[in-house]
Amino acid sequence: LVTPPPVKGRYHTEVQTELYLEELYDVIETDTVCCQTDDFLDRPPTPLFVPAKTGIDVATEVLSGDLFDFDLEVRPILEVLVGKLMEQALLEVSEEEELADIRKQQLEFEEIRDADLMEMQRLAERERRYREEKERRIAQHLEYQAKRKEVMEKIAARTFARVYIEPLVPNVYEDLYNQGYFYDVVQRDVAETFIPWLLDAVCEELDLEAKIRALLDSMICEAAIEVNEAYARLDACELEDGGGKGEEGSKENEPESKKEIENKGLEGSESKGEDNEPQNESVK
């Protein structure tokens with residue numbers, strides 16, 4: 001592909017169209033050359049700078065006594081110096097005396113101030129003691145009032161309780177006594193132990209007596225039944241023998257037979273009673 005020729009009146013220019021620009025340069029032919037130099041020598045010291053001399057040298061001769069007379073010229077200076085020195089010394093002495101007076105006055109002032117401070121501290125301490133004593137007395141009074149109020153409340157409560165409980169205590173004791181909480185030990189022991197035992201013993205004795213009576217009744221009934229049976233057998237025998245015998249013979253034999261039957265019944269009852277005595281003893 002070849003770029004088409006430019007339009008008339010225009011010309012082509014090379015332009016980079018890449019994202020990152022790149023420097024364009026022509027490749028120049030290069031060659032490497034080397035050389036050897038001499039060693040460095042030490043620098044000599046720099047000479048002192050002496051400015052160039054300008055003008056003309058002149059000289060003046062001064063003889064003794066030409067300039068001033070020492071005694072004549074120095075005396076007033078010495079007088080002034082000594083006067084000033086004396087004046088300065090007097091000023092210093094007066095200043096020292098004044099400083100001493102100031103220090104003395106300062107000491108006196110400090111003593112007075114210390115005394116005033118001590119007096120102020122004493123008054124402040126007394127005021128503090130008075131204040132603490134006042135607060136303590138107020139606290140004691142408040143505590144006394146509180147205790148007095150508490151005591152009055154206790155007295156009122158105790159009085160009210162006494163008035164309220166006084167009729168209540170007998171009723172409570174009576175109710176507790178009726179319910180069995182308060183009792184006599186002997187009476188309770190007799191009521192709960194002795195009387196039940198006595199009743200049980202009496203019941204046992206009565207039961208034994210009833211059994212004995214029932215046994216005797218049964219024995220008597222059996223004896224009566226045997227007597228009746230004996231009479232019945234006797235009557236039957238007499239009927240079987242016939243009426244050939246006389247009435248006298250029958251009348252004479254009848255009492256004897258009756259006595260024999262009764263004796264037999266009594267002997268049988270006694271024998272049964274003797275047989276039942278061990279049983280009664282065992283029951284007892």
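This short report looks at charged side chains in the structure above. Keep in mind that the model is predicted.

**Pairs of opposite charge**

Side chains of opposite charge can pair when their charged atoms come close. A search of the whole structure turns up nine salt bridges.

| Salt bridge | N to O distance |
|---|---|
| R122 and E119 | 2.2 Å |
| K147 and E143 | 3.4 Å |
| E209 and R213 | 2.7 Å |

Where do R122 and E119 lie? Both are in helix 1, three residues apart, which is about one turn of the helix. R122 is partly exposed, at 43% relative accessibility, and E119 is partly exposed too, at 34%.

K147 and E143 also belong to helix 1, and four residues, about one turn, separate them. K147 is partly exposed at 48% relative accessibility, while E143 is partly exposed at 43%.

For E209 and R213, look at helix 3, which covers residues 185-241. E209 has a relative accessible area of 36% and is partly exposed, whereas R213 counts as exposed because its relative accessibility of 53% is over the 50% cut-off.

Salt bridges can also join up: E125, R128 and E132 are linked in a network of them.

**A patch of like charge**

Which residues form a negative surface patch? They are E92, E95, E96, E97, E98 and D101. D101 is found in helix 1, which runs over residues 70-165, and is partly exposed, with a relative accessible area of 44%.

Note on methods:
Residues are numbered from 1 along each chain as its sequence is written. This is a predicted model: local features need pLDDT of at least 70, side-chain atom pairs count only at pLDDT 80 or more; totals for chains, interfaces and linings use all residues. Side-chain values use heavy atoms; hydrogens and water are left out. Patches are made of residues with over 30% relative accessible area and no salt bridge: like charges are joined within 9 Å, nonpolar side chains (Val, Leu, Ile, Met, Phe, Trp, Tyr) within 5 Å. Accessible areas come from the Shrake-Rupley method with a 1.4 Å probe; for residues, only the protein chains shown count as cover. A salt bridge is a side-chain nitrogen of Lys or Arg within 4 Å of a carboxyl oxygen of Asp or Glu. Lys and Arg count as positive and Asp and Glu as negative; His and the chain ends are not counted. The place of a charge is taken as NZ of Lys, CZ of Arg, CG of Asp or CD of Glu. Helices (H or I, at least four residues) and strands (E, at least two) are DSSP runs, numbered from the N terminus. Buried means under 20% relative accessible area, exposed over 50%, partly exposed in between (1.4 Å probe, protein chains only).
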